[in-house]
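Hi everyone, thanks for coming.

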Amino acid sequence: MATIQTNKIGKLNINLIQGDTKKIQLSFKDKSPLGVLTPMDLTQYTAIKMDVKSSVNVKETAFISFDLDNGLTISGDDNNILEFQFGAEFYESQRTEWFYDIKFDKGSDVLYLIKGMITIELSITE
């Protein structure tokens, strides 16, 4: 499980084998000025969205788009874990590099707390 702090944008590169159904869990924490980490309640956000695209381009149509109604789940005793799982989305594609970020909305405030690249290792067995 990766831990992300709100005072900086986390970068997490994800490696998958084509067709993997890998579950990803991200733990979010706030860091006080004294360096104390406390769980960040993700239910405070009105929307959380993750897009996966073939390039870093806000205008490109997403290949995969997850939100709290479809694909993203908040869990943990402190509601500070964001979970998502890839299914067979990458199975048909022969593309091996994808880009993603996750946007957090809270009223008029918008934060991008994590981004990275998804690398797909092509499989042989069908």
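This is a predicted model: local features need pLDDT of at least 70, side-chain atom pairs count only at pLDDT 80 or more; totals for chains, interfaces and linings use all residues.

Let's start with the charges. Side chains of opposite charge can pair when their charged atoms come close. How many salt bridges are there? The count is 3. One of them joins the side chains of glutamate 83 and lysine 23, with 3.4 Å from N to O. Glutamate 83 belongs to strand S9 (residues 81–85) and lysine 23 to strand S4 (residues 23–31), so this bridge ties together parts that lie 60 residues apart in sequence. Is glutamate 83 buried or exposed? It counts as buried, at 13% relative accessibility, while lysine 23 is partly exposed at 48%.

Next comes the salt bridge between lysine 49 and aspartate 51, at 3.8 Å from N to O. Here lysine 49 is partly exposed, with 37% relative accessibility, and aspartate 51 is buried, with 17%. Then there is lysine 103 with aspartate 105, where the closest N and O atoms are 4.0 Å apart. Lysine 103 is partly exposed at 25%, and aspartate 105 is buried at 17%.

Finally, the rings. There are 9 aromatic pairs. In one of them, phenylalanine 66 and phenylalanine 84 are tilted at 45 degrees between the planes, with 6.4 Å from centre to centre. That pair links distant parts of the chain, as phenylalanine 66 sits in strand S7 (residues 64–67) and phenylalanine 84 in strand S9, 18 residues apart. Both of these phenylalanines are buried. Phenylalanine 90 and tryptophan 98 also make a tilted pair, with 5.8 Å between centres and 55 degrees between planes, and both are buried too. Ring pairs join Phe63, Phe66, Phe84, Phe86, Phe90 and Trp98 into a cluster.

Two charges deserve a mention here. Arginine 95 lies over the face of tryptophan 98, 5.5 Å from the ring centre. Likewise, the charged end of lysine 106 sits over the ring of tyrosine 45, at 5.7 Å from its centre.

Terms used. Residues are numbered from 1 along each chain as its sequence is written. Side-chain values use heavy atoms; hydrogens and water are left out. Helices (H or I, at least four residues) and strands (E, at least two) are DSSP runs, numbered from the N terminus. Buried means under 20% relative accessible area, exposed over 50%, partly exposed in between (1.4 Å probe, protein chains only). Rings of Phe, Tyr and Trp (its six-membered ring) pair if their centres lie within 6.5 Å; planes under 30 degrees apart count as stacked, over 60 as edge-to-face and the rest as tilted. A charge sits over a ring if NZ of Lys or CZ of Arg is within 6 Å of the ring centre and within 35 degrees of the ring normal.
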